[in-house]
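Subject: Structure handover

Hi,

Here is the structure I promised to pass on to you.

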Amino acid sequence: MSDFTTRPEIRGTFGVASSTHWLASQVAMGVLERGGNAFDAAVAGGFTLQIVEPHLNGPGGEVPILLWSEREGRMRALCGQGPAPALATPAYFRGLGVDLVPGIGLLPATVPGAFGAWLTLLRDYGTWELADVLRPAIDYARNGFPLVPRISQAILAVQALFRDEWTSSAAVWLPDGKVPAPGALLRTPAIAATYTRILDEAHAAATDRAGRIDAALAIWYRGFVADEIDAYYTHEAVRDTTGQRNRGLLRKADLADWRARYDDPVTLQYGRYTVAKCGVWSQGPVHLQQLALLRHLQMDGLDPASPQFVHRIAEAAKLAFADRAAWYGDPDFVDVPLAALLSDDYARARAAAIGPRAATTLQPGSPAGRAPRLPDLEAAARTLAASDTRFGVGEPTFAALPPVAEWAAREIFVGDTCQIDVIDRDGNMVAATPSGGWLSSSPVVPALGFPLTTRLQMTWLDDGVPGQLQPGKRPGTTLSPGLALRDGQPYMAFGTPGGDQQDQWTVSFFLRHAMGLNLQQAIDAPSWHIDHFPGSFWPRSLTLNRLTVEGRLPEATRQALREAGHDVRVGPDWSEGRISACTREPAAGGSLLLRAAANPRGMQGYAVGR
């Protein structure tokens, strides 16, 4: 493999940050430069992402966070995924005559957890005032930020919906009644006003840093923000994919009862690495299940561009994602056999079923001898036949796209999420995957200036399946930050946007890096993903045995994969993955050598450090 990379692997000793947007990376680095720690920096960068990537996340979204605290000497997971409203029941949706929760509009809202998670992290591990970490986001919202082309195209795709139906969104995203051009500065002053009001009220309510953060949390979840959400979702009826105008189910009581909370990450040993993911309320353990299988598939020494490397990872992914469909759910509501799913005996048996030919059927396993239960996989076809899809679907929630070829459109739009990773000079680490509240998925709450998450579309209505919709239950989420120890010591923070692709792109990235490629080489290398499971986003369509590869993957490899039975689709050369990563390791004199790398695809991710 060539030593050339699209950009350098960043190296330093003071601090590093990598994210899916250069402004967020630089905001995070600026916090480190001014004495903040990795937690302060990640929060400031995370709030910046809400403003500068509004098509990929927003203030009304969610975020799972993994952290390493050098002071405590431990990893923790922080769940910023809110639950279903009390009014959201399978019976309610069946009464609407639908088989699935819609992908857009007001009905699929959950409690917006990002604000709670970011502030909890700041209060418990940061050092800065909330006003200071929010200042960059407020400044960009008030004074303007440059539009990357994806934002303009996202607005263009749904402009008719905004003009005709979601007029509160038109007021924000169609300034002067026009689709804003790529590169133009866009202002979102209503968001700046909302955050400024929160700060003013919090400052008036408390006299110390932690008290002001707690006051801001109360204002969001039990104060004027919750009041405005309640009023809008109770009284406004908006058009969605049912073809009807529906009111929302989210209420102030749902927000008032919710708190972001910590738990222990789930871990798996792979060689000298201990890989950590969020719990089974996320899809994170899918990453670990794949690694558990790949330990038995002789990956060492394989060329990362070889058909053997791609085939074995693809087939391991098929089995792990089948288990996700059959077994994963909120562990507060579901008895998920996670220990069995990650056990070496189970992995060895599953790996033994992988042969030289591509699997063409969905094959969930039977951990601990339990029989798998899948949801109704025909619901997607019935739903599409009965739905109005003119104005969007689930992910990336766009309607008819601008007139570009199929794969060009995919290159532009896949990845409805963001990523930020930070490590400071003391060795504190954060990996976070913010998402939800996409500008094109639900209408702006007028008094607040932003839309809310539509994550409830990732539930099922089927009785008895682990992912069934229940009030107070977290929907399964694709959001999946990662941490890794190396030789028992904290080492890497990483992650990517990409929905169902997240815990595929990062598996091949991790293996390439573990085999010796530096961070940037491992990110730049040709990548791919499978579709061999019911999709997580409305309309939950089932695709089998599709392998989508970048055009840079050697033709000989692509041909060998076809001969092995894979349905190979070839995308653009730089279309698969948006990974960010940072690492730390001991250096001479007791300091740390820090590294960072970012994804070149889409031309907006960036890593910084010194």
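Predicted model: local features only at pLDDT ≥ 70, side-chain atom pairs only at ≥ 80, totals over all residues.

Residues are numbered from 1 along each chain as its sequence is written, and side-chain values use heavy atoms, with hydrogens and water left out.

Helix packing

Helices (H or I, at least four residues) and strands (E, at least two) are DSSP runs, numbered from the N terminus. Axes are lines fitted to C-alpha atoms, for helices over the stretch in contact, and angles run from 0 to 180 degrees between N-to-C directions. Angles under 35 degrees count as roughly parallel, over 145 as roughly antiparallel, 65 to 115 as roughly perpendicular and the rest as oblique.

Let me start with α9 (residues 189-205) and α10 (residues 209-222), whose axes come within 8 Å and cross at roughly 125°. The two helices are therefore oblique to each other. On the α9 side the contact (heavy atoms within 4.5 Å) is made by Tyr195, Ile198, Glu201, Ala202, His203 and Ala205, and on the α10 side by Arg212, Ala215, Ala216, Ile219 and Trp220. By class, these residues are 8 nonpolar, 1 polar and 2 charged (Ala, Val, Leu, Ile, Met, Phe, Trp, Tyr, Cys and Pro count as nonpolar, Asp, Glu, Lys and Arg as charged, and the others, Gly among them, as polar).

Helix α10 also packs with α4: the axes of this pair come within 10 Å and cross at roughly 170°. That makes α4 roughly antiparallel to α10. From α4, Ala114, Phe115, Gly116, Leu119, Thr120, Leu122 and Arg123 meet Arg209, Ala210, Ile213, Asp214, Ala216, Leu217, Trp220 and Tyr221 of α10. The contact residues here comprise 10 nonpolar, 2 polar and 3 charged.

Another pair to look at is α13 (residues 284-294) with α14 (residues 307-327), packed at an angle of about 135° with axes 9 Å apart. This angle makes α13 oblique to α14, and the crossing is right-handed. Val286, Gln289, Gln290, Leu293 and Leu294 of α13 meet a set of α14 residues that includes Ile313, Ala316, Leu319, Phe321 and Arg324. The contact of α13 with α14 divides into 9 nonpolar, 2 polar and 3 charged residues.

Cysteines

How many disulfides does a search of the whole structure find? There are 0, taking a disulfide as a pair of cysteine sulfur atoms within 2.5 Å. The sulfur of Cys79 has its closest cysteine sulfur in Cys278, 7.6 Å away, which is too far for a bond. For Cys582, the nearest cysteine sulfur belongs to Cys418, at 16 Å. Cys79 is buried at 4% relative accessible area, and Cys582 is buried at 0% (buried means under 20%, exposed over 50%, partly exposed in between, with a 1.4 Å probe and protein chains only).

Two buried residues

Pro64 sits in strand β3 (residues 63-69) and is buried, at 2% relative accessibility. Pro64 and Ala431 are 367 residues apart in sequence, yet their C-alpha atoms are 8.7 Å apart.Leu107 is in the loop between α3 (90-95) and α4 (114-125), and is buried at 1% relative accessible area. Beyond its neighbours within four places in sequence, Leu107 is in contact with residues including Tyr92, Phe93, Asp240, Arg247 and Leu456.

Backbone details

Most residues other than glycine have a negative phi, and most peptide bonds are trans. The peptide bond from Trp538 to Pro539 is cis, with omega near 10°, and Pro539 lies in the loop between β16 (528-534) and β17 (542-550). Arg540 is in the loop between β16 and β17 and has a positive phi of about 60°; Arg540 is buried, at 7% relative accessible area. Asp176 has a positive phi of about 60° too, in the loop between α8 (167-173) and β6 (185-186), and is exposed at 76% relative accessibility.

Technical notes: Left-handed = near helix turned anticlockwise from the far one by under 90°.
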